[in-house]
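Let's take a walk through this fold, starting from an open space and working into the packed parts. Keep the model in view as you read.

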Amino acid sequence: MKKIICKVEYDTEASELIAKNTFGNFGASDGYEESLYKTKDGKYFLYVNGGADSKYPAENITRMSAVKAKEWLDANN
């Protein structure tokens, strides 16, 4: 997925996957996944996607500061 935020392109295919967490069973309508990425420029972003009844019913990308990325890693690994 690609998304431009504040004139910066965030692309899951062109960035390094740092960590991924899956919640719920595969195919469950309330299941979802969160994936933390780092761009070649050192910017972090969170890619999310889930079922219709999950907290992420549509795929999305949210940029993150390095501090927030570390907090996410600490809380999820």
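A pocket here is an open set of points on a 1 Å grid over the protein atoms alone, where a 1.4 Å probe fits, with protein on both sides within 12 Å along at least five of seven lines; a lining residue has an atom within 4 Å of a point. This is a predicted model, where local features need pLDDT of at least 70 and side-chain atom pairs pLDDT 80 or more, while totals for chains, interfaces and linings use all residues. Residues are numbered from 1 along each chain as its sequence is written, and side-chain values use heavy atoms, leaving out hydrogens and water.

So, which residues lie nearest the centre of the largest pocket? They are Asn-25, Phe-26, Gly-27, Gly-31 and Tyr-32, out of 13 lining residues. Strands β3 (16–23), β4 and β5 each give two or more residues to that lining (strands are DSSP runs of E, at least two residues, and helices of H or I, at least four, numbered from the N terminus).

Tyr-32 also turns up in the largest nonpolar core, a set of 10 residues that includes Ala-19, Leu-46 and Trp-72. Such a core joins buried Ala, Val, Leu, Ile, Met, Phe, Trp, Tyr and Cys residues through side-chain atoms within 4.5 Å, buried being under 20% relative accessible area with a 1.4 Å probe, protein chains only. β4 (32–38), β5 (44–50) and α1 (66–76) each supply at least two of the core residues, and β5 gives the most, with 3. A second, separate core of 6 residues includes Tyr-10, Tyr-37, Phe-45 and Ile-61.

Tyr-10 of β2 stands opposite Lys-3.

Conventions:
Pairing = 2+ DSSP bridges. Buried < 20%, exposed > 50% of the residue type's maximum accessible area, 1.4 Å probe, protein only.
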